[in-house]
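This report describes one predicted model, taken in sections that go from single elements to the whole chain. Please keep the sequence and the structure in view while reading.

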Amino acid sequence: MGGGVTHEAPALADPYTPGRGDPAYAVTHYDLELDYKVSSNRLSGRAVLDVRVAQDTRRLVVDLVGLRVSKVSVGGAAARWAHRGARVVITPARPLTRGERTQVTITYAGTPGPVATRWGDVGWEELTEGALVAAQPNGAPTWFPCNDHPRNKATYRLSFECDSPFDVVATGALVSSRARGSRTRRVFVQDVPMATYLATVHVGRYVRRDLGPAAVPVTVALPPAVERPVLHDLARLPQMTFHFGELFGDYPFDDYTVVVTADDLEIPLEAQALATFGPNWLDGNRRHERLVAHELAHQWFGNSLTTATWADIWLNEGFACYAEWLWAEHADGVPAHLNATTYWARLSRLPQDLLLADPGPDLMFDDRVYKRGALTLHALRRRLGDDVFFDLVRDWVATHRHGSVSTEEFVEHAAWHATRAEGERGGDDVRRLLEAWLWTQPLPMLEPRA
């Protein structure tokens, strides 16, 4: 049913991804029934969104780009809708009131593909044989209708049917698989709340290999032709799961999967309880092991603890980058301070025009965010000492498990731990230290240990 007036939809308060998200409601659960034909890259789907209304409203705005809606209902009743660009404006048969819970059902189909953004193409990507989703930061609407904002975390059920010769890996536990003729239907369930950009699906010709012993089950899905170099480069991944568990607290999900595509990829990618590498990053020489550590660390920082807004992205990338240095310190005897001084020298020669706590959308994926974020944590570690610092980190992870976090919350969390250890003066010192690293442009000096 088409029709109705198209209004300018308000975005959630995040200028980094304007035109995404609707503050009028939150999605608590997505139930997705998808059918995919590999040869034609054709996707058809039915999405049921369990919605909690946040404010009285006469309409709901859903994000969906590149696919065509054919039917919409709200609360079981047909609803008017208008699809313009990446926004589906839905007008229910009656106004919705704050606190109300209802279901929005959307039937849609089309040829999915990535959406062009200032950070490059993101979202659904067709491969030589198969497909993958790389949605960070705003590519989730290229394959399912959603309220696309990092702090809107929901549980998921994904039913995905495609041609039987192909394997399918998706975020969530595989709870059923049934072949019917030339096609196979698989159902995945994600019971832990997940941001839309962390949902993914992979379609390819894979074999599965288990790695271990590890802190949690670790599985690698990969093309048979690259098995030897890939498994060589991932050989120390099980050890990483134990070490990061000691440093950050227990691994936050039930398992961990690494998908290696047949096609080369520009960068590795993280999703919830899953990471993706192209074979170019796992070539048998262990040259990129730091990235294996980086993507694993995102399971704590980014996936369990998700940024409240994209301005807080250093909380994802700074921790993941610092985890690279922590792994090198543990596994290879390379002091984190050596990496810190090396990268401090490099950053000191670059333009000093970055605010780490609010880099702006153009710089949110700048390498300076990653490295300055790691340096911020290293400076905090040197100021507090290892015992207080890692106690702070484990408490940060445990306190906000499967929730959303902000820079301001981290500063207060760190100051509280410093106050507990050293008194009010310690808390004030830590606030000043973090203020310099987060909210001023010039690169602070790395101070000696306290």
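## Helix α3

In helix α3, the buried residues are Glu 289, Leu 291, Val 292, Ala 293, His 294, Glu 295, Leu 296 and Ala 297, where buried means under 20% relative accessible area, exposed over 50% and partly exposed in between, with a 1.4 Å probe and protein chains only. The helix, which spans residues 289-297, is thus mostly covered, with 8 of its 9 residues buried. Helices are DSSP runs of H or I with at least four residues, strands are runs of E with at least two, and both are numbered from the N terminus.

## Basis of the model

The model is predicted, and local features need pLDDT of at least 70, side-chain atom pairs count only at pLDDT 80 or more, and totals for chains, interfaces and linings use all residues. Residues are numbered from 1 along each chain as its sequence is written, while side-chain values use heavy atoms, with hydrogens and water left out.

## Helices α6 and α7

Helix α6 (residues 367-384) and helix α7 (residues 386-399) have axes that come within 6 Å and cross at roughly 130°; the axes are lines fitted to C-alpha atoms, for helices over the stretch in contact, and angles run from 0 to 180 degrees between N-to-C directions. The two helices, α6 and α7, are therefore oblique to each other, given that angles under 35 degrees count as roughly parallel, over 145 as roughly antiparallel, 65 to 115 as roughly perpendicular and the rest as oblique.

On the side of α6 the contact (heavy atoms within 4.5 Å) is made by Leu 377, Leu 380, Arg 381 and Leu 384, and on the side of α7 by Asp 386, Val 388, Phe 389, Phe 390 and Leu 392. Sorted by class, this contact of α6 with α7 has 7 nonpolar, no polar and 2 charged residues; Ala, Val, Leu, Ile, Met, Phe, Trp, Tyr, Cys and Pro count as nonpolar, Asp, Glu, Lys and Arg as charged, and the others, Gly among them, as polar.

## The loop between β11 and β12

Trp 143 lies in the loop between β11 (130-134) and β12 (154-163), and it counts as buried because its relative accessibility is 2%. Apart from neighbours within four places in sequence, Trp 143 is in contact with residues including Leu 34, Tyr 108, Trp 124, Leu 158 and Val 201.

## Other backbone features

Most residues other than glycine have a negative phi, and most peptide bonds are trans. A cis bond with omega about 0° joins Gly 212 and Pro 213, and Pro 213 is placed in the loop between β17 (207-211) and β18 (218-222).

Asn 41, in the loop between β1 (25-37) and β2 (42-53), has a positive phi near 50° and is buried, with a relative accessible area of 4%. His 402, in the loop between α7 and β23 (404-405), has a positive phi near 60°.

## The chain as a whole

The chain contains 9 helices and 23 strands, and 60% of its 450 residues count as buried. Among contacts with a separation of 6 or more, 70% come from residues 24 or more positions apart.
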